[in-house]
Amino acid sequence: MKNYSIHQISKPLKSIWRLKMIKLLMYSMIDRFGKSLVPLFHSNPKNVDVDNITIKGLRLHHARPLSIVHISDLHVGFQYNYHDLIEHIKIINKLQPDIVMITGDLFDNLEVFKENPNDYIPLLKTIKAPLGVYFSYGNHDQRTHLTHDLETVLTNSHITVLNNFGKYINYDGEEIYICGTDDILNASGNIEQAIRNRNHPNDYTITLVHEPDYADFVKKFNVDLQLSGHSHGGQIFIPMLGAPIKPSLGRKYLKGLFNLKYKKHSMYLHVSRGLGSTHLPIRFFAKPQITKIYIK
């Protein structure tokens with residue numbers, strides 16, 4: 001057996017630390033530059049795609065499909081603002097979903113947010129969904145020490161935080177298990193913890209996971225639908241070439257609906273392009289998106 005000195009082990013650790021620091025410095029510089037461009041690139045909140053998707057999977061027959069509105073990545077405080085949220089909640093409520101699911105990055109960075117996040121509570125309360133509004137943390141939610149403040153905003157807005165946690169809802173006599181993980185990149189997201197309250201693996205299961213590429217692991221746990229965001233559809237997407245910049249765990253599944261197989265099980269993955277932007281206040285061929293999903 002080969003023996004390694006502490007000095008030999010510390011070398012790669014120092015290299016990893018240096019790379020992380022360079023990455024943080026680079027993103028900090030991009031953020032500052034991008035923030036300075038916001039006044040030049042303010043987007044119209046009505047310029048949003050409202051897409052409809054129909055999938056199958058419920059175990060019982062129902063008179064009408066279960067409907068979910070899926071949104072993600074608002075990044076409030078960077079380019080996206082209070083008035084944008086007003087317009088998008090109007091659209092969501094007009095769609096009359098049974099459930100609303102938000103897959104992370106509600107605020108861009110609470111540490112530098114110039115408003116009082118509690119001012120958003122009355123507005124978030126206006127989201128209408130008879131079976132509930134649910135949220136899972138994203139990497140921007142978990143990159144600061146103010147996650148507890150965000151949780152307070154969400155809880156007081158009557159939004160259920162699914163943080164490695166799950167619960168049952170009853171839809172027309174069918175028990176459906178809804179769960180979510182903590183952020184995978186910056187926290188301790190764990191699908192095994194999220195499904196621990198599930199009574200039977202055959203129960204229809206929906207999970208919220210911010211990072212879409214984690215689906216290759218989630219599909220092993222009899223999950224029927226994973227909802228994700230994170231990638232912004234590339235945010236800048238060049239036709240024929242794709243997205244030049246893709247985030248970690250958002251590179252394989254960039255946007256849209258996927259059907260993943262594991263042994264005899266099949267899991268749908270929907271990756272939202274999100275509503276806001278980050279780092280740069282620009283979207284190119286990656287239009288903001290609100291998706292209504294019908295499950296039969």
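This is a predicted model: local features need pLDDT of at least 70, side-chain atom pairs count only at pLDDT 80 or more; totals for chains, interfaces and linings use all residues.
Six strands make up an open sheet with mixed pairing, in the order β1-β12-β2-β3-β4-β5. The edges are taken by β1 (49-55) and β5, each of which has a single partner strand, so one side of each lacks a neighbour in the sheet.

Within this sheet, strand β2 (residues 66-71) and β3 run parallel and are joined by four bridges. Here isoleucine 68 stands opposite isoleucine 99 of β3. In a regular strand, side chains alternate between the two faces of the sheet. Strand β3 (residues 99-102) is covered on both faces: Ile99 and Met101 are buried on one side, and Val100 and Ile102 are buried on the other. Further along the order, β4 and β5 also run parallel, with two bridges between them. Phenylalanine 135 has valine 161, in β5, as its bridge partner.

Helix α4 (residues 147-156) comes next. Its buried residues are Thr147, Leu150, Val153 and Leu154. These residues lie on the same side of α4, because they cover an arc of only 115 degrees around the axis. An α-helix has 3.6 residues a turn, so residues three or four places apart point the same way. The cover over the buried residues of α4 includes α3 (121-124), β4 (133-135) and β5 (160-161). Just after the helix, histidine 158 adopts a positive phi of about 65 degrees.

Charged side chains form another kind of link. Side chains of opposite charge can pair when their charged atoms come close. Seven salt bridges are found in a search of the whole structure. One of them joins arginine 273 to aspartate 49, with the closest N and O atoms 2.8 Å apart. Arginine 273 lies in the loop between β11 (265-271) and β12 (289-295), whereas aspartate 49 lies in strand β1, so this pair ties together parts that are 224 residues apart in sequence. Arginine 273 counts as buried, because its relative accessibility is 12%, while aspartate 49, at 24%, is partly exposed.

Aspartate 49 also forms a salt bridge with lysine 287, where the closest N and O atoms are 3.4 Å apart. Lysine 287 lies in the loop between β11 and β12, and aspartate 49 in strand β1, so the pair connects parts 238 residues apart in sequence. Lysine 287 is partly exposed, with a relative accessible area of 33%.

A further salt bridge pairs arginine 59 with aspartate 224, the closest N and O atoms being 3.0 Å apart. Because arginine 59 lies in the loop between β1 and β2 and aspartate 224 in the loop between α6 (215-218) and β9, the pair ties together parts that are 165 residues apart in sequence. Arginine 59 is partly exposed at 36% relative accessible area, whereas aspartate 224 is buried at 8%. Through shared partners, salt bridges join Asp49, Arg273 and Lys287 into one network.

Two loop residues complete the picture. Glutamine 79, in the loop between β2 and α2 (82-95), is buried, with a relative accessible area of 10%. Glutamine 79 and serine 277 are 198 residues apart in sequence, and their C-alpha atoms are 6.5 Å apart in space. Methionine 240, by contrast, counts as exposed, because its relative accessibility is 87%. Methionine 240 is located in the loop between β9 (225-228) and β10 (256-262). Together with Ile238, Leu241, Phe284 and Phe285, Met240 makes a nonpolar surface patch of about 630 Å².

Technical notes: Residues are numbered from 1 along each chain as its sequence is written. Side-chain values use heavy atoms; hydrogens and water are left out. Buried means under 20% relative accessible area, exposed over 50%, partly exposed in between (1.4 Å probe, protein chains only). The arc is that of the directions from the helix axis to the C-beta atoms. Contact means heavy atoms within 4.5 Å. Patches are made of residues with over 30% relative accessible area and no salt bridge: like charges are joined within 9 Å, nonpolar side chains (Val, Leu, Ile, Met, Phe, Trp, Tyr) within 5 Å. Accessible areas come from the Shrake-Rupley method with a 1.4 Å probe; for residues, only the protein chains shown count as cover. A salt bridge is a side-chain nitrogen of Lys or Arg within 4 Å of a carboxyl oxygen of Asp or Glu. Two strands pair if DSSP finds at least two bridges between them.
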